[in-house]
Amino acid sequence: MKAAIVFILALAGVSAALAQNDPARDYLSNFSPLDGDKTIYSTDTLLRLELDLDGDGQYEVLLSMARDQDRKLGNIWAVYANTAAGYAKAGTVTFNPRSFYLGPIEDLGDYGLVTFKPTGEGEGILSAYLFNEEGVRDIDIASVTRDSPTVDSDTGRPIGQAIVDKYMSQTADAADAVTSTNAAALAKQYGLKVAGDQQTPSIRTASSPSSPASSGPDPSSSPRPPTEASRSLPWTLLIAILFLALVAIGAMAWLKRR
């Protein structure tokens, strides 16, 4: 019984330590665009959005470096869920912060963020990001081609471009809520080392229109060389180790008094 109590206390300590009170600190410590250029430049700007992605009244934090874009698809955002223990990363989404819909998605019977992913020449895919306690899912709602009809002949319901217009014509209230922090302010607040100006923007390769964005590997999860991994060791891991040590010492002292 005493051992079980110690184990539960240790688990609670790990959960609390690994959660983030400041998601921006975690994002910056793990910033890794697809091109591998992890350097923070003097011209960089960190973008932040706070959105209620699932309509539960609790706001998630979305962070993206302004230059971290997937061509015409928009910025790549890290999503941080607001949990009881603090903020925890829940996945990534890709959308233009000036052009998206957030709210009930009638065609899916759900609530989420809707974005149009252009593939060129007026064609593309209307997609939704659905968020819950398990993370973020990317679901295609409708595809648009130049010769696709706008009304289903059997049901009379809008399809194709008509569905795109239905959602994307509604401006999200949060579209103007993007806040930005420049590199100088980030360096001062988080102790970052900032390099000079970057000449070439960081652009990711566009996703295949026939494949959901979530089907590919997460670039941030790719293996890193040991030396690089050791330099980017999360500070939260050190806190977790110290917290566990304190819990163990306290538990041993408590057991001796029994």
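Leaving aside neighbours within four places in sequence, F95 is in contact with L49, L51, L62, L73, G74, N75, W77, F100, L113 and T115. This is a predicted model. F95 is also one of three residues, with L51 and L62, that touch the most other members of the largest nonpolar core, a set of 15 residues.

**Nonpolar cores**
- Strands β2, β4 (75-83), β5 and β8 (123-132) each supply at least two residues of the 15-residue core.
- Another core, of 14 residues, lies apart from it and includes Y27, L28, V61 and Y190.

**The sheet**
- Five strands form an open sheet in the order β5-β4-β3-β2-β10, and their pairing is antiparallel.
- Its edge strands, β5 (86-95) and β10 (179-182), each pair on one side only.
- From one strand to the next, the twist averages 25°.
- Four bridges join β2 (residues 45-51) to β10 in the antiparallel sense.
- T45 has N182, in β10, as its bridge partner.
- Helix α4 (residues 183-190) packs on the sheet and touches β2 and β10; the direction of α4 makes about 75° with that of β10.

**Q161 and helix α3**
- Q161 lies in helix α3, which covers residues 161-168.
- Q161 counts as partly exposed because its relative accessibility is 29%, and the partly exposed class lies between under 20% (buried) and over 50% (exposed).
- S143 and Q161 are 18 residues apart in sequence, and their C-alpha atoms are 8.0 Å apart in space.

How values were computed:
Residues numbered from 1 in each chain as written. Predicted model: local features only at pLDDT ≥ 70, side-chain atom pairs only at ≥ 80, totals over all residues. Heavy atoms only, no water. Pairing = 2+ DSSP bridges. Axes fitted to C-alpha atoms, helices over the stretch in contact; angles between N-to-C directions. Contact = heavy atoms within 4.5 Å. Buried < 20%, exposed > 50% of the residue type's maximum accessible area, 1.4 Å probe, protein only. Core = buried A, V, L, I, M, F, W, Y, C linked by side-chain atoms within 4.5 Å.
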